Amino acid sequence: LPTTHYELWNEANSPNFWTGKADSAAYARFLQVVYPKVKAAAPQATLMASIAWPDASTYLGALFAAGAGGAMDAVAFHPYAPTAGSSLGLVRNLRATLAAGGRGAMPILITESGQPANYAGTGTNHAYDGPVNDVTRAATLALTGDALANSDCGVDSYLVYAVTGTETNKEILSEGFMGLFGYANAAPNATGQALMRASQRW
């Protein structure tokens, strides 16, 4: 299948992907330069600004203030959060910012979301405190998808990170424990099974 969607940068509002702090003015200029060039080569391409959860609405508002609102077709959003309600709240705030910037109908695509899980033990009581057990994660992520699918937030996709992980501490931020399928056997874990069932509802 041809590639049609392009996420420009990764989490542009996160300092992790800059030398220093996240720079909304520089990212706005980047979008304004790249957008027309890609569109000239591939008019049907959907170009997405990449926004993570920290201060997402403030950062997006700064992009609009810098004149970059017309240099994106959609927003690729990463609303990592410990509960379905908090994830939905992040998306609602982003939608309100788009509306305030005159782009209220612009699609939002969830291109990353998820949580690390404790596959072997009981896990923590709350995701703020560390990895929860996989059954708890399964319920949270499936409920998040249900809430988004039934909301008026205009979310066009819901992708959960990641297909698999090493299931070790070798990856940063417990990312080795964010997989939906087992590393050794490729079998879906509780979260993978829940999302497979939920995708049929959506």
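Predicted model: local features only at pLDDT ≥ 70, side-chain atom pairs only at ≥ 80, totals over all residues.
**Exercise 1.** Find how α2 and α3 are oriented to each other, and which residues make their contact.

*Solution.* 
- Step 1: Locate α3 at residues 84-100; its axis and that of α2 come within 9 Å and cross at roughly 15°.
- Step 2: Angles under 35 degrees count as roughly parallel, so α2 is roughly parallel to α3.
- Step 3: Look for the contact. On the α2 side you will find Ala56, Ser57, Leu60, Gly61 and Phe64, and on the α3 side Asn93, Leu94, Thr97 and Leu98.
- Step 4: Sort these residues by class: the contact of α2 with α3 holds 5 nonpolar and 4 polar residues, with no charged ones.

**Exercise 2.** Work out at what angle the axes of α1 and α2 cross, and what handedness the crossing has.

*Solution.* 
- Step 1: Find α1 at residues 24-41 and α2 at residues 56-65.
- Step 2: Their axes come within 9 Å and cross at roughly 55°. That makes α1 oblique to α2.
- Step 3: Check the handedness: α1 passes α2 in a right-handed crossing.

**Exercise 3.** Name the residues through which α1 and α2 meet, and divide them by class.

*Solution.* 
- Step 1: From α1, pick out Ser24, Tyr27, Ala28 and Leu31; they meet Tyr59, Ala62 and Leu63 of α2.
- Step 2: Divide the residues of the contact of α1 with α2: 6 are nonpolar, 1 is polar and none is charged.

Terms used: Residues numbered from 1 in each chain as written. Heavy atoms only, no water. Axes fitted to C-alpha atoms, helices over the stretch in contact; angles between N-to-C directions. Helix = DSSP H or I, 4+ residues; strand = E, 2+ residues; numbered from the N terminus. Parallel < 35°, antiparallel > 145°, perpendicular 65-115°, else oblique. Left-handed = near helix turned anticlockwise from the far one by under 90°. Contact = heavy atoms within 4.5 Å. Nonpolar A, V, L, I, M, F, W, Y, C, P; charged D, E, K, R; others polar.
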